[in-house]
Amino acid sequence: MINDQALRQLEADVGAEMMPMILQQFHQELAQRATNLAAALEAADLAGLRAEAHSVKSTARTVGLDAVADAAAETESAATAQDRSQTLAHARQLLVLCQQGQQLLSERL
């Protein structure tokens, strides 16, 4: 589920010595975003879901979590369109993928 090419590019950009810190930082951020997503999902807060999805999207792509980034983009798009049922469905999937992404990142730390 991790795009190794994206990780190699990130390492080339920041340097090998910075990679553990970058991965740790995103691991922590993803945990917080998952908590925020769960709260927004429980409240059916479309604006909150859109904001969290937007925050997750680019960073997930940067660290090679393409499935997370794709689900975040779908969630953000559905929320922007005010499509409640699609937003909630995509957000549920995004939450699961964020949790899986955390696990994958923890294995790389």
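Me: Which side chains meet in a salt bridge at 2.5 Å, N to O?

Reply: Side chains of opposite charge can pair when their charged atoms come close. A salt bridge is counted where a side-chain nitrogen of Lys or Arg lies within 4 Å of a carboxyl oxygen of Asp or Glu. Here the side chains of K57 and E76 form such a pair, at 2.5 Å from N to O. K57 belongs to helix 3 (residues 46-62) and E76 to helix 4 (residues 66-80), so the pair ties together parts that are 19 residues apart in sequence. Helices are DSSP runs (H or I, at least four residues), numbered from the N terminus.

Please keep the basis of these values in mind. This is a predicted model, in which local features need pLDDT of at least 70 and side-chain atom pairs count only at pLDDT 80 or more, while totals for chains, interfaces and linings use all residues. Residues are numbered from 1 along each chain as its sequence is written, and side-chain values use heavy atoms, with hydrogens and water left out.

Me: Are K57 and E76 buried or exposed?

Reply: The scale is relative accessible area: buried means under 20%, exposed over 50%, and partly exposed in between (1.4 Å probe, protein chains only). K57 is partly exposed at 25%, whereas E76 is buried at 12%.

Me: Which residue forms a salt bridge with R61?

Reply: The partner of R61 is D70, and their closest N and O atoms are 2.7 Å apart. R61 is partly exposed, with 36% relative accessibility, and D70 is likewise partly exposed, with 40%.

Me: How many salt bridges does the rule give, and which residues are linked in a network?

Reply: The count comes to six salt bridges. E29, R33 and E52 are linked in a network of them.

Me: What is in contact with S55, leaving aside its neighbours within four places in sequence?

Reply: Contact means heavy atoms within 4.5 Å. On that basis S55 is in contact with E29 and R33, once its neighbours within four places in sequence are left aside. S55 itself lies in helix 3 and is partly exposed, with a relative accessible area of 23%. Its C-alpha atom is separated by 9.8 Å from that of A69, which is 14 residues away along the chain.

Me: At what angle do the axes of helix 3 and helix 4 cross?

Reply: Axes are lines fitted to C-alpha atoms, for helices over the stretch in contact, and angles run from 0 to 180 degrees between N-to-C directions. The axes of helix 3 and helix 4 come within 8 Å and cross at roughly 150°. These two helices are therefore roughly antiparallel to each other; the classes are under 35 degrees for roughly parallel, over 145 for roughly antiparallel, 65 to 115 for roughly perpendicular, and oblique for the rest. Among the residues of helix 3 in this contact are L49, A53 and V56, and the residues they and others meet in helix 4 include V68, A72 and A73. By class, the contact of helix 3 with helix 4 has 10 nonpolar, three polar and six charged residues. In this division Ala, Val, Leu, Ile, Met, Phe, Trp, Tyr, Cys and Pro count as nonpolar, Asp, Glu, Lys and Arg as charged, and the others, Gly among them, as polar.

Me: How far apart are the axes of helix 2 and helix 5?

Reply: The axes of helix 2 and helix 5 (residues 84-108) are 9 Å apart, and the two helices pack at an angle of about 155°. Helix 2 and helix 5 are therefore roughly antiparallel to each other. Their contact divides into 14 nonpolar, four polar and two charged residues.

Me: Where is Q82 found?

Reply: Q82 is in the loop between helix 4 and helix 5. At 59% relative accessibility, Q82 counts as exposed. Its phi is near 60°, a positive value in a residue other than glycine. A44, placed in the loop between helix 2 and helix 3, has a positive phi too, near 55°.
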